[in-house]
Amino acid sequence: MTKRSEVTGAGGPAARADPRDRLDRIAVRGLRAWGHHGVLERERREGQTFVVDVVLGVDSREAARTDDLAHTVHYGVLSERLVGAVEGEPVALIETLAQRLADTCLAESVVHEVEVTVHKPDAPIPHEFSDVTITIVRDR
C-alpha cells in the first residue's frame, strides 16, 4: 500500500496519517465450507470443499483500550457469515466467490480493508496438484 500525503501551502509537503497506513491485522485462516461453485456442471451438482483465508485490516486501538468486543470484529460471527457465503448461491468462478467474501468482510464497520484467499483444493484438474487459489485485496 502506498503512503498518502498532503501538500500544504508554503510549508511544503506535510505527511497526513491515513488510518489505513497503520492498520492492525486480524486473520481467520483455513475456514472450510462446502459449496457448489464451478464452471463444470458436475462441480455445481456434487459440490466440493472450499477453504477461505481472510486477513482484515482494522484499527484495534479502541478495542484494546476499552477491552470491548463492540470496537472490533467478532471473528466467530464473521466466520459464520463467510461459511454462509460459500454455502450460498453457486457461482461459476472463484473470483466471484472471493469478491462475495470480501464484501461480507467489508460489511463490518471496523474493517477498512481485507485480503481474501479462496482455495479450491479439489479443482477438476487432470494432473496432480496441491491447490488452486485466488487472492484479492479490497478496501473501502
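In what order are the four strands of the open sheet arranged? In this predicted model, for which local features need pLDDT of at least 70, side-chain atom pairs count only at pLDDT 80 or more, and totals for chains, interfaces and linings use all residues, the order is 3-4-5-6, with antiparallel pairing. Residues are numbered from 1 along each chain as its sequence is written, and side-chain values use heavy atoms, with hydrogens and water left out.

Helices (H or I, at least four residues) and strands (E, at least two) are DSSP runs numbered from the N terminus; two strands pair if DSSP finds at least two bridges between them. Strand 3 (24-35) and strand 6 (133-139) stand at the edges with a single partner strand each, so one side of each lacks a neighbour in the sheet. From one strand to the next, the twist averages 15 degrees.

Strand 4 is joined to strand 5 by eight bridges, the two running antiparallel, and Gly57 stands opposite Glu113 in strand 5. Seven bridges join strand 5 (residues 111-119) to strand 6, also antiparallel; here Glu113 stands opposite Asp139 in strand 6. Helix 4 (residues 94-106) packs on the sheet and touches strand 4, strand 5 and strand 6, its direction making about 150 degrees with that of strand 5. Contact means heavy atoms within 4.5 Å; axes are lines fitted to C-alpha atoms, for helices over the stretch in contact, and angles run from 0 to 180 degrees between N-to-C directions. Seven of the nine residues of strand 5 are buried, so strand 5 is largely enclosed by the rest of the structure; buried means under 20% relative accessible area (1.4 Å probe, protein chains only).

Helix 3 (residues 75-87) lies across strand 3 and strand 4 (48-58), at about 40 degrees to strand 3.

Terms used
Buried means under 20% relative accessible area, exposed over 50%, partly exposed in between (1.4 Å probe, protein chains only).
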